[in-house]
Amino acid sequence: MKTYKIIEGLEQRYNQYTAEDRLVWKTLFERQMQQLNQVAHSSYLDGLENIGFSAYDIPDFREVNERLRKTTGWEIVVVPGIIDQPNFFNMLANKQFPSSTWLRKMEELDYLPEPDMFHDAFGHMPLLTNPTFNAFFQEIGEIGKQYIHLPRIVEMIGRIYWFTIEFGLIQSGKELQVYGAGIISSFGETKYSLSDVPAHLPFDVKTILRTDFDNTVIQDKYFIISSFDQLLASTREIKDELLKAINDVSVPK
Ligand SMILES: [Fe+2]
């Protein structure tokens, strides 16, 4: 996977968004909200409102940062694309969310070679307003930072990240709902993830740490949390299990 270097002081060039960019944002936003109002967790929907996103304006990160810093201590830092793991974990640990600023084209609404701003902003940022969720997010950064020199362990942490922050589902009463940014920012996957086609498994740290995924195809399984409290509380078990894996001499380091 191609990764980009962090460029200090990179900013969103807000006045350079084109009419097509604004149309892409509006089209994706409206299309997604028709589904998400029914099936996204209330923390996401509340977060979307609190962070001030709408179909009519591409988010201005200066405004987003003003709100986020005041309410959560988090901030958005502009990056050119996917960044390397040490920087990524460091940023999360420092309550910084790396985000791209470019938008896909009208003819590629459903196809994305790399995450664009619709994924990064619309998918990820609203839940940053939830203190329990963002504490988990930060903790993943802390854990990743600690084990960055051990690729096998980083891979396991990546699985937790993948099956929660990107592709997590949550049980809310009788309703199965979406909260992972990879699902939330995808029209097809929102419907698919809640359908009877993929496997729906209970959130289980030990299982997830040992479950491979393929980021080039649609998922065949999703793990379901019962609450964000459960997610945050799981960091203790994640740390214990990683320590066990490090001490397991039968597995190559
Ligand atoms: Fe993402």
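Mentor: Here is a walk through the pocket first, and then through the helix contacts.

Keep in mind that this is a predicted model. The largest pocket holds about 1,600 Å³ of space. Its lining runs to 48 residues, and the closest to its centre are Ile82, Pro115, Trp162, Glu166 and Asn215. If you sort the lining of the largest pocket by class, you get 23 nonpolar, 14 polar and 11 charged residues.

Who supplies those residues? At least two residues of the lining come from each of α1 (19-39), α4 (85-93), β2 (96-99), α5 (117-124), α7 and α9 (187-194). Helix α7 gives the largest share of the lining, with 7 residues.

Helix α7 covers residues 151-166, and its axis comes within 10 Å of the axis of helix α6 (residues 131-146), with the two crossing at roughly 165°. An angle over 145 degrees counts as roughly antiparallel, so α6 is roughly antiparallel to α7. The crossing in which α6 passes α7 is left-handed. On the α6 side, the contact is made by Phe133, Phe136, Phe137, Ile140, Ile143 and Gly144, and on the α7 side by Ile157, Ile160, Tyr161, Thr164 and Ile165. By class, the contact of α6 with α7 has 9 nonpolar and 2 polar residues, with no charged ones.

Next come α1 and α9, which both supply at least two residues of the lining of the largest pocket. The axes of α1 and α9 come within 9 Å and cross at roughly 25°. Angles under 35 degrees count as roughly parallel, and α1 and α9 are therefore roughly parallel to each other. Their crossing is left-handed. From α1, the residues in the contact are Arg31, Gln32, Gln35, Leu36 and Val39, and from α9 they are Phe187, Thr190, Lys191 and Leu194. The contact of α1 with α9 divides into 4 nonpolar, 3 polar and 2 charged residues.

Helix α1 has another partner to look at, helix α2 (residues 42-51): the two axes come within 11 Å and cross at roughly 140°. That leaves α1 and α2 oblique to each other. Here α1 passes α2 in a left-handed crossing. Phe29, Met33, Leu36 and Asn37 of α1 meet Tyr44, Leu45 and Leu48 of α2. This contact of α1 with α2 has 6 nonpolar residues, 1 polar and no charged.

Elements α3 (61-71), β1 (75-78) and α4 each put at least two residues into the lining of the second largest pocket. That lining divides into 9 nonpolar, 6 polar and 6 charged residues.

Terms used: Residues are numbered from 1 along each chain as its sequence is written. This is a predicted model: local features need pLDDT of at least 70, side-chain atom pairs count only at pLDDT 80 or more; totals for chains, interfaces and linings use all residues. Side-chain values use heavy atoms; hydrogens and water are left out. Axes are lines fitted to C-alpha atoms, for helices over the stretch in contact, and angles run from 0 to 180 degrees between N-to-C directions. Helices (H or I, at least four residues) and strands (E, at least two) are DSSP runs, numbered from the N terminus. Angles under 35 degrees count as roughly parallel, over 145 as roughly antiparallel, 65 to 115 as roughly perpendicular and the rest as oblique. A crossing is left-handed if the near helix is turned anticlockwise from the far one by less than a right angle, and right-handed if clockwise. Contact means heavy atoms within 4.5 Å. Ala, Val, Leu, Ile, Met, Phe, Trp, Tyr, Cys and Pro count as nonpolar, Asp, Glu, Lys and Arg as charged, and the others, Gly among them, as polar. On a 1 Å grid over the protein atoms alone, a cavity is a set of points where a 1.4 Å probe fits but cannot get out, and a pocket is an open set with protein on both sides within 12 Å along at least five of seven lines; lining residues have an atom within 4 Å of a point. Grid points are joined across faces, edges and corners, and a volume is the space filled by probe spheres set on the points.
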